[in-house]
Amino acid sequence: MERTYLMIKPDAVQRGLIGEIICRFEQKGFKLVAMKFIRLTKEMAEKHYGEHADKPFFAGLVEYITSGPVVAMAWEGKDVIAVSREMMGATNPSKAAPGTIRGTFAVDIGRNVIHGSDSPASAEKELAIYFEEADFVEWNRTVESWIVE
Ligand code: IDP
């Protein structure tokens, strides 16, 4: 089953949106398999966003993502990488469709409330930054056969 890395960013934690955001993925039918409430170090942030190191917004991005606690999560499910990106909406909340997480809860690209891996390769890389193998909980949902055929 596919896994992705989702992170509730510091702005969403400060605004009391943890429950709202987790609720959407639970209700969709995805399965939570790991979760941590942590504050990123500068090193973790630079590793996570390494591909943007030469962008003008990089310093601000690292400052933002380390500015307060985040909820780091691993979610599992059918096509969870692509589907969770759709549920999040476009990177720039002004362009995010109404009803998506960013479309509903955010207005600024520098405060866009959630991160989600954009490919299997980045999911693998990002999950390894935040979790060790022992952090993943193996569990059976009794409703599984009502969610996936
Ligand atoms: P994604 O988060 O939707 O995958 P990316 O292009 O990978 O989007 O950018 C990573 C993060 O960097 C964004 O979620 C946003 O927080 C931040 N970011 C991207 N572009 C800008 C910008 O132009 N100004 C400020 N922050 C930006």
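Start with strands S1 and S3, which run antiparallel and are joined by six bridges. The model on the screen is a predicted one.

**Stop 1: strand S1**

Select residues 3–8, which form S1. Five of the six residues of this strand are buried, so S1 is largely enclosed by the rest of the structure. Two pairs show how S1 lies against S3. Threonine 4 stands opposite tryptophan 75 in S3, and methionine 7 has alanine 72 of S3 as its bridge partner.

Pick leucine 6 and look across to S4, where glycine 116 stands opposite.

**Stop 2: strand S3**

Now select residues 70–76, the span of S3. Is this strand buried or exposed? Seven of its seven residues are buried, so S3 is largely enclosed by the rest of the structure.

Show the side chains of the strand. In a regular strand the side chains alternate between the two faces of the sheet. Here Val70, Ala72, Ala74 and Glu76 point one way from S3, while Val71, Met73 and Trp75 point the other way. Both sets are buried.

Select residues 31–38, strand S2, which pairs with S3 in the antiparallel sense over seven bridges. To see a pair of residues here, pick methionine 35, which stands opposite methionine 73 in S3.

**Stop 3: the salt bridges**

Side chains of opposite charge can pair when their charged atoms come close. How many salt bridges are found in the whole structure? The search gives four. Three of them are visited here, starting with a pair that involves strands already on the screen.

- Select arginine 3 and glutamate 76. Their closest N and O atoms are 3.0 Å apart. The pair links distant parts of the chain, with arginine 3 in S1 and glutamate 76 in S3, 73 residues apart. Arginine 3 has a relative accessibility of 28% and so counts as partly exposed, whereas glutamate 76 is buried at 14%.
- Select lysine 42 and glutamate 46. This salt bridge also has its closest N and O atoms 3.0 Å apart. Both residues belong to helix H3, residues 42–48; because they are four residues apart in that helix, about one helical turn separates them. Glutamate 46 is partly exposed, with a relative accessible area of 31%.
- Select arginine 141 and glutamate 144. Their side chains meet in a salt bridge at 3.1 Å, N to O. Arginine 141 counts as buried, at 15% relative accessibility, and glutamate 144 is partly exposed, at 25%.

**Stop 4: what the UniProt record marks**

Select residues 1–138. An unreviewed UniProt entry annotates this span as "domain: Nucleoside diphosphate kinase-like". The end C-alpha atoms of the span lie 12 Å apart.

Which residue does UniProt list for "active site"? The unreviewed entry gives His115. Zoom in on histidine 115, which is found in strand S4. Its relative accessible area is 9%, so histidine 115 is buried.

**Stop 5: the pockets**

Rolling a probe the size of a water molecule over the atoms shows where empty space is left.

The largest pocket has a volume of about 500 Å³. To find this pocket, select Lys9, Tyr49, His52, Leu61 and Thr91, which lie nearest its centre among the 22 lining residues. Helix H4 (58–65), strand S4 (114–116) and helix H7 (120–130) are the elements that give two or more residues to the lining. Of these, H4 gives the largest share, three residues. What kinds of residue make up the lining of the largest pocket? Five are nonpolar, 10 polar and seven charged.

For the second largest pocket, select Gly29, Gly77, Lys78, Ile147 and Val148, the residues nearest its centre. The lining of this pocket has 13 residues, divided into four nonpolar, two polar and seven charged. The space inside is about 210 Å³.

Terms used. Residues numbered from 1 in each chain as written. Predicted model: local features only at pLDDT ≥ 70, side-chain atom pairs only at ≥ 80, totals over all residues. Heavy atoms only, no water. 1 Å grid on protein atoms, 1.4 Å probe; cavity = no way out; pocket = protein on both sides within 12 Å on 5 of 7 lines; lining within 4 Å. Points joined across faces, edges and corners; volume = space filled by probe spheres on them. Nonpolar A, V, L, I, M, F, W, Y, C, P; charged D, E, K, R; others polar. Buried < 20%, exposed > 50% of the residue type's maximum accessible area, 1.4 Å probe, protein only. Pairing = 2+ DSSP bridges. UniProt positions renumbered as here; feature names shortened; annotations may be inferred.
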